[in-house]
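Reader: Could you take me through one part of this model in some detail? I would like to start with the inside and then follow the helices around it.

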Amino acid sequence: MGRQHSLAPLTAMRFFAAAAIVVFHLHLNWGLPRPEDTGLVFGIGVDLFFVLSGFILAYTYRRIDGVEHGLRIIAYRIARIWPLHIVTLGLFYLLLYNPADPFHDVANVWASVLLIQSWFGDYTHAFNGNSVAWTLSLEMFFYLTFPFLTILSSRWIVAVTLLVTAATLAWAFAMPLTGISMDSPGATGVAIARMHPGSFFLLFTSGIVAGRLFLSRAWRLEGAAATACEVLCLLLATVYFMRNQEIAGLAARYLHIQGIPALWMHNAMGAVFFTPLIFVLAIGRGEVSRLLSTRPLLVLGEASFATYLLHIIVQDKIQALGFVTTSSIPAYLAIVLTGSLLLNRYVEIPSSRFLRRKIDDWAGRPVAAVAPVV
């Protein structure tokens with residue numbers, strides 16, 4: 001099976017990625033300065049999730065032994081994300097449903113239930129229901145392609161990535177770019193570039209290729225050198241978290257790219273800044289990785305998926321009740337954190353384990369994995 005690592009620092013990083021998205025939505029909706037006014041565009045945290053997803057899957061499932069094996073891996077991943085998604089989607093409609101809101105359309109909820117809402121290239125599907133779940137439909141696309149990618153060499157993965165990206169951008173070019181509001185149905189070039197799985201495919205495959213490189217040898221990085229690498233990669237990722245629009249814009253201008261490809265650059269640059277951080281933290285020999293492996297951060301990391309799905313529901317409900325003030329932010333964060341821990345313990349973990357047992361019963365035996373999937 002090869003060597004094993006706990007990859008605990010990567011679990012903790014999930015919490016910081018989710019926290020960045022919470023901060024991003026606070027700036028958007030809580031009367032704080034808007035992200036474009038401060039430069040703190042923390043919504044880029046979703047890019048870290050996508051790179052991390054590819055890395056962990058490549059590390060955990062290193063080969064595919066036939067079609068049945070691949071299908072069971074896909075089923076395992078769906079069992080990991082779908083139950084909590086359905087619970088929070090139901091919570092959204094229970095607490096916030098407004099028939100006059102185009103993003104609360106029950107006629108389109110089927111796409112959210114199936115986790116394909118971002119595949120249509122329009123905002124009305126992507127943001128319908130619990131709006132942050134649009135990223136889960138990207139994960140669904142990645143899970144479905146993962147078994148196929150696993151049987152390819154890394155060179156062929158690069159070729160497939162180029163093909164998927166080119167096809168996505170070509171579709172975006174063929175659609176109207178402007179003149180359609182976000183609450184109007186229909187695909188637009190901007191929505192495709194910003195939200196379609198193909199526009200983020202590079203992030204996922206970057207994680208896969210990095211995971212393969214990580215497994216290719218025993219990386220010898222210890223002591224001060226390990227800490228220095230971790231700090232450097234963390235600083236670069238932090239700079240990109242805080243100034244990603246400026247950095248991506250500079251890269252696009254340097255490459256003389258504008259329009260739809262420039263929007264895609266905002267996604268692609270995440271692979272450059274986040275992949276090295278994930279790689280060195282996976283080695284886990286520096287002081288940063290040791291700090292990230294402490295129990296409180298691991299607990300928060302394990303609950304980060306629930307934090308991500310819950311935070312916007314709580315935020316919207318507090319807004320509807322008229323309690324949006326800067327002084328209410330600590331109470332909001334406490335509600336989100338407590339709710340996330342409860343959902344993780346009593347919904348996410350038991351439902352995932354239950355479904356995995358059912359999958360194993362159906363398949364006859366479990367799929368061997370070298371480490372728990374983060």
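Author: Happy to. The largest share of the lining of the largest cavity comes from α3, which gives 7 residues. Helices here are DSSP runs of H or I with at least four residues, numbered from the N terminus. This is a predicted model, in which local features need pLDDT of at least 70 and side-chain atom pairs count only at pLDDT 80 or more, while totals for chains, interfaces and linings use all residues. Residues are numbered from 1 along each chain as its sequence is written, and side-chain values use heavy atoms, with hydrogens and water left out.

The largest cavity has a volume of about 320 Å³, and the structure holds 1 cavity of 30 Å³ or more. A cavity is a set of points on a 1 Å grid over the protein atoms alone where a 1.4 Å probe fits but cannot get out, and lining residues have an atom within 4 Å of a point. Of the 20 lining residues, Arg 14, Phe 49, Glu 139, Tyr 143 and Phe 305 are the closest to the centre. Two or more residues each come from α3 (45-60), α4 (67-96), α7 (134-150) and α15. By class, the lining has 13 nonpolar, 3 polar and 4 charged residues.

Now for α1. Helix α1 (residues 8-29) packs against helix α15 (residues 304-321) at an angle of about 15°, with the axes 9 Å apart. That makes the two roughly parallel, a term for angles under 35 degrees. Their contact (heavy atoms within 4.5 Å) includes Arg 14, Phe 15 and Ala 18 of α1, and Ser 304, Phe 305 and Tyr 308 of α15. This contact has 8 nonpolar, 7 polar and 1 charged residues.

Helix α12 (residues 260-283) is another partner: its axis and that of α1 come within 7 Å and cross at roughly 135°. Pro 9, Leu 10 and Met 13 of α1 meet Leu 277, Ile 278, Leu 281 and Ala 282 of α12. Here the residues divide into 7 nonpolar, no polar and no charged.

Definitions and conventions. Axes fitted to C-alpha atoms, helices over the stretch in contact; angles between N-to-C directions. Parallel < 35°, antiparallel > 145°, perpendicular 65-115°, else oblique. Nonpolar A, V, L, I, M, F, W, Y, C, P; charged D, E, K, R; others polar. 1 Å grid on protein atoms, 1.4 Å probe; cavity = no way out; pocket = protein on both sides within 12 Å on 5 of 7 lines; lining within 4 Å. Points joined across faces, edges and corners; volume = space filled by probe spheres on them.
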